[in-house]
Amino acid sequence: MQFFGQGVRSGVLPCDVNSVYWFFTWTPSQQERNRENDPAEMKQFVLSKLGKMPEKVKAVIEKTSLDCIMSSPLTYRNPFKLLWGNISKGNACVAGDALHPMTPDVGQGGCCALEDGIVLARCLAEALMKQPIYKKSDEEEYYRIEMGLKKYAKERKWRSFDLITTSYIVGFFQQSDGKLMTFIRDTCLAKFLAGLLLKKASFDCGKLKLS
């Protein structure tokens, strides 16, 4: 279950028959930032912001022990910096959160990292398995790795840009406050945003094995 509105978002997800994961996000004021290191104050703050949510949701948070409550800021990479920056340089590259840190609003951070691994392995394999033009040497192997990483960077740049941007926009609309924004979100964008989440998850990064 996920709930959003009035400047906050929260959700509950069962992990197994005994454990439940829940989250709560909002844009804190300076005074509220001081609560982040105090689990007791944070718990009471969250409960005070739940409004008309079902009692069973409130019960989950009330029963959560203080040592299980953690607070940390959500971060993301400006997608335009991703387009202008270098994903690879020489025989080194970045992947996973080092490449595309994003807010968790489309649930694709870990999935995207797995895609990175598949594409990276495939690009390197294609580069290293080609027949050498000259006698095989360390210089040629370095060059092949560099070309493989450049191909990986080209493949992953726009996918990463898409996910970072989409995740930020979805979170912005879900967490926005104000009557106009709430009306637009609840009447016009609810179905669109739900479909967008499914669309971003339905992505084929290709096979790992070379044909």
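**Reading strands, helices and cores in a predicted model**

Colleague: Which residue of strand 3 is the bridge partner of G11?

Modeller: The bridge partner of G11 in strand 3 is F23, and V8 is likewise bridged in that strand, to W26. Please keep in mind that this is a predicted model, in which local features need pLDDT of at least 70 and side-chain atom pairs count only at pLDDT 80 or more, whereas totals for chains, interfaces and linings use all residues. Residues are numbered from 1 along each chain as its sequence is written, and side-chain values use heavy atoms, with hydrogens and water left out.

Colleague: How many bridges pair strand 2 with strand 3, and in which sense do they run?

Modeller: Strands of a sheet pair through backbone hydrogen bonds, either parallel or antiparallel. Here strand 2 (residues 8–14) and strand 3 (residues 20–26) are antiparallel, with seven bridges between them, and a hairpin of five residues joins the two. Strands are DSSP runs of E, at least two residues long, and helices are runs of H or I, at least four, both numbered from the N terminus; two strands count as paired if DSSP finds at least two bridges between them.

Colleague: In what order do the three strands form the sheet, and which stand at the edges?

Modeller: The sheet is open, with the order 1-2-3 and antiparallel pairing. Strand 1 (2–5) and strand 3 are the edges, and because each has a single partner strand, one side of each is left without a neighbour in the sheet. From one strand to the next the twist averages 5 degrees. Helix 6 lies across strand 1, strand 2 and strand 3, at about 110 degrees to strand 2, where axes are lines fitted to C-alpha atoms (for helices over the stretch in contact) and angles run from 0 to 180 degrees between N-to-C directions.

Colleague: What span should helix 5 have, and which of its residues are buried?

Modeller: The expected span is 1.5 Å times one less than the number of residues. For the 20 residues of helix 5 (residues 109–128) that should give 28 Å, which agrees with the 29 Å between its end C-alpha atoms. Its buried residues are C112, E115, D116, V119, L120, R122, C123 and A127, buried meaning under 20% relative accessible area, exposed over 50% and partly exposed in between (1.4 Å probe, protein chains only). Strand 5 (92–93) and helix 6 (138–175) are among what covers them.

Colleague: Is Q108 buried or exposed, and is M129 buried or exposed?

Modeller: Q108, in the loop between strand 5 and helix 5, counts as buried because its relative accessibility is 7%. Leaving aside neighbours within four places in sequence, Q108 is in contact (heavy atoms within 4.5 Å) with M102, R159, L163, K200 and A201. M129, in the loop between helix 5 and helix 6, is exposed, with a relative accessible area of 59%.

Colleague: Which residues have the most contacts inside the largest nonpolar core?

Modeller: In soluble globular proteins, nonpolar side chains tend to be buried together. A nonpolar core is a set of buried Ala, Val, Leu, Ile, Met, Phe, Trp, Tyr and Cys residues joined through side-chain atoms within 4.5 Å. The largest has 16 residues, and L82, I87, L99, M102, V119 and Y152 have the most contacts inside it. Helix 4 (79–84), helix 5 and helix 6 each give two or more residues to this core, and helix 6 gives the most, with six. Apart from this core lies another, of 14 residues, including V12, W22, M42 and V46.
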